[in-house]
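Biologist: Hey, can you walk me through this one? I'm new to reading structures.

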Amino acid sequence: MCCLGNIAARAHAVRGDVARSDRALGEAEEHFVGIDRRNTTREVWGSHLGSAGLASYQGRAHYALARACRDPRAAKRAVQLLRHAVDNFGADYARPQAFDLANLAGSHALAGDTETALTVGHQAANAIMELRVPPARAHQQLRVLNGVLKPMNDKPGVAELCNRLTTTTA
């Protein structure tokens, strides 16, 4: 239920529906608090849902909302959540960590911190290229980041990163 709530939150965020997204995030968090972490028979597919997993889901929703509404407050909240996720995913979570680096870079850009966005954007490109076989979704993450950065092309370093992202995803 927690995972579904977070997915619903992101779907509402993509549509720019702040109220429904916030409500779904709240419901997801309520379900997260209710998870019995001592339950060793939990399904394998749910084992990722620790604090980093929750922060990742919720950060992605806030990032989607920031993109849809050009809301710097949503972008700043995404930065906090995605930073927690990236810093706390274990070694077995290279793929979601790489995806969230791309989301974190875009969130920094939308929050007005272009310098950090560039640094994290290069980290994201490196991390995605280090994945054994970069899946199509990974390249899509970089394309989304490229789209977020394009309007800032006049700022130092942005054109260089956009060119790298275009080359990487070609």
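This is a predicted model: local features need pLDDT of at least 70, side-chain atom pairs count only at pLDDT 80 or more; totals for chains, interfaces and linings use all residues.

Biologist: Okay, which residues touch the most other members of the largest nonpolar core?

Modeller: Those are Leu149 and Leu165, in a core of 37 residues. Helices 3, 4, 5, 6, 7 and 8 each give two or more residues to this core.

Biologist: And where does the largest share come from?

Modeller: From helix 5, which supplies eight residues.

Biologist: Switching topic: how many salt bridges are there?

Modeller: The count is four. One of them joins the side chains of arginine 60 and aspartate 100, at 2.9 Å from N to O. Arginine 60 is in helix 3 and aspartate 100 is in helix 5, so this pair ties together parts 40 residues apart in sequence.

Biologist: Is aspartate 100 buried or exposed?

Modeller: Buried, because its relative accessibility is 0%. Arginine 60 counts as buried too, at 16%.

Biologist: What about arginine 83 and aspartate 87?

Modeller: Their side chains also meet in a salt bridge, 2.9 Å from N to O. Both residues sit in helix 4, four residues apart, which is about one turn of the helix.

Key
Residues are numbered from 1 along each chain as its sequence is written. Side-chain values use heavy atoms; hydrogens and water are left out. A nonpolar core is a set of buried Ala, Val, Leu, Ile, Met, Phe, Trp, Tyr and Cys residues joined through side-chain atoms within 4.5 Å. Buried means under 20% relative accessible area, exposed over 50%, partly exposed in between (1.4 Å probe, protein chains only).
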